[in-house]
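Dear colleague,

Please find below the structure that I am handing over to you, followed by an account of what was found in it.

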Amino acid sequence: MQDYLKFYINGEWVDPVEPRTLEVENPATEEPFARISLGSHADVDKAVKAAQDAFASFSQTSVEYRAELLEKIAAGIQARASDMAKAISDEMGAPMWLANAAQVPAGMGHYMTAAKILREYKFEEQRGDTRIRKEPIGVCGFITPWNWPQNQIACKVAPAIAAGCTMVLKPSEIAPLDAMIVAEIMHDAGVPPGVFNLVNGDGPGVGAYMSGHPGIDMMSFTGSTRAGVLVSQAAAPTVKRVALELGGKSPNIVLPDADLKKAVGGGVMQMMTNTGQSCNAPSRMLVQRDQQEEAIAIAKATAESVKVGAGSDAPKGAMGPISNGNQWNKVQDLIQKGIDEGATLVAGGTGRPEGFNKGYFTKPTVFANVTNDMTIAREEIFGPVLCILPYDTEEDAIRIANDTVYGLSSYVQSGDAGHAREVANQIRAGNVHVNGAGPDFTAPFGGYKQSGIGREWGDFGFEEFLEVKAVFGDANA
């Protein structure tokens, strides 16, 4: 059992005000392997005070100083990459191949991107006799999830540091250990005391208190829509800025002119990546009715080819366990709901895969003949479950794609780039991936409707951490 019982506040590792511990479970074994402390209101108060005290000086540091700091942090992550990957694998179940190939590099990439944007960004402009300034918003509170822990920490912390903000981070109590390594990296990189603070805890004890804290100027939250609503409600009385990156039920429109084998097979594999635990996963595949039979056969064969494993024993491309027991139970319930509501089970189903008698492992699952009013087509399952929905016309596909409370991501497959663009422009979502295009850290990430408020990544994410000031009568600036 590894103990991580201290918090990082004001440049030091400190004991919690009120000792209270929580065991961290390895989802592949269902056994605890580490302990953390759960913070209290008093711990948050200490962290916020440290961030407030540090803001006056850090907000005035030079662009070059902050850019170099970000590059030192990125170098620190690279130096600790193996430690970070092992922590992520143990705490949330990502196989080591995925932790090394995607989970850790995603975090590192945001720090490097933020440094580049910072060096090129114009914080002031002159408009006649008025000077427009962009200034750091202040003390930021961050609540991050367990599914892509390094990515979600970095896409908040990196632009905040770039902007000159100070911060308090509450990582997920399910996956807190990689965040503890981040704090060590921040310390070794020379981040000034109070700029970055970390308090572990749960939502009711720490997250809600941070959201309503009068000393925090901005809250940035990533997680479920339900929890995002609670953050907004808690933040409202103090009228702080709130940025939310929430759930999704992303459509993947396979147009009739697409390469069906490539589009369907690729869509299934992307759905199973990270065990389906991605808010932007292409969970609703829309295929023209005439192509259903062929698409179902491709999807079935692809899903049944997916290997399942854990840690360093999992082969490349293998799917790990669901990250925690509560989520595993939810996924199982929703798979059963799909069966009960009449969807056709093409691959997978309830229970663990063959050969697994413990761990939160789930079968790669595909449903066909799904209608958009079924529960599995409406709710974010957050597991390796794909729904295939038939459509008749292109207009029908776009209508079904947009018939959701979510609007985070979407996907279009077509043999004609112009055709794909026309469809992409009609989808109500913050991101559209055409023909398997991957992410771009310089582009904005975020959603329409109940998928969130604001944007992360790139210059759009950077500007979330800036206030705008007009200085009138400043003709000689």
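The model is predicted: local features need pLDDT of at least 70 and side-chain atom pairs pLDDT 80 or more, whereas totals for chains, interfaces and linings use all residues. Residues are numbered from 1 along each chain as its sequence is written, and side-chain values use heavy atoms, with hydrogens and water left out.

Helices (H or I, at least four residues) and strands (E, at least two) are DSSP runs numbered from the N terminus, and two strands pair if DSSP finds at least two bridges between them. Strand S16 (residues 365-368) runs parallel to strand S17 (residues 385-391), with three bridges joining them. With strand S15 (residues 344-347), S16 forms an antiparallel pairing over three bridges; there, alanine 347 has valine 366 as its bridge partner. Both faces of S16 are covered, since Thr365 and Phe367 on one side are buried, as are Val366 and Ala368 on the other (buried means under 20% relative accessible area, exposed over 50%, partly exposed in between, with a 1.4 Å probe and protein chains only).

The sheet S6-S7-S21

An open sheet is formed by three strands in the order S6-S7-S21, with antiparallel pairing. Strand S6 (124-127) and strand S21 (466-471) are at the edges with a single partner strand each, so one side of each has no neighbour in the sheet. Six bridges join strand S7 (residues 130-136) to S21 in the antiparallel sense, and arginine 131 stands opposite valine 471 in S21.

Aromatic rings

The structure holds ten aromatic pairs. Rings of Phe, Tyr and Trp (its six-membered ring) pair if their centres lie within 6.5 Å; planes under 30 degrees apart count as stacked, over 60 as edge-to-face and the rest as tilted. One of the pairs is tryptophan 146 with phenylalanine 382: the ring centres are 5.6 Å apart and the planes at 80°, so this pair is edge-to-face. These two residues are 236 residues apart, tryptophan 146 being in the loop between strand S8 (139-143) and helix H5 (149-163) and phenylalanine 382 in the loop between helix H12 (375-378) and S17. Both are buried. The pair of phenylalanine 445 and tryptophan 457 is stacked, because the ring centres are 4.7 Å apart and the planes at 20°. Phenylalanine 445 is buried, with a relative accessible area of 7%, and tryptophan 457 counts as buried at 10%.

Yours sincerely
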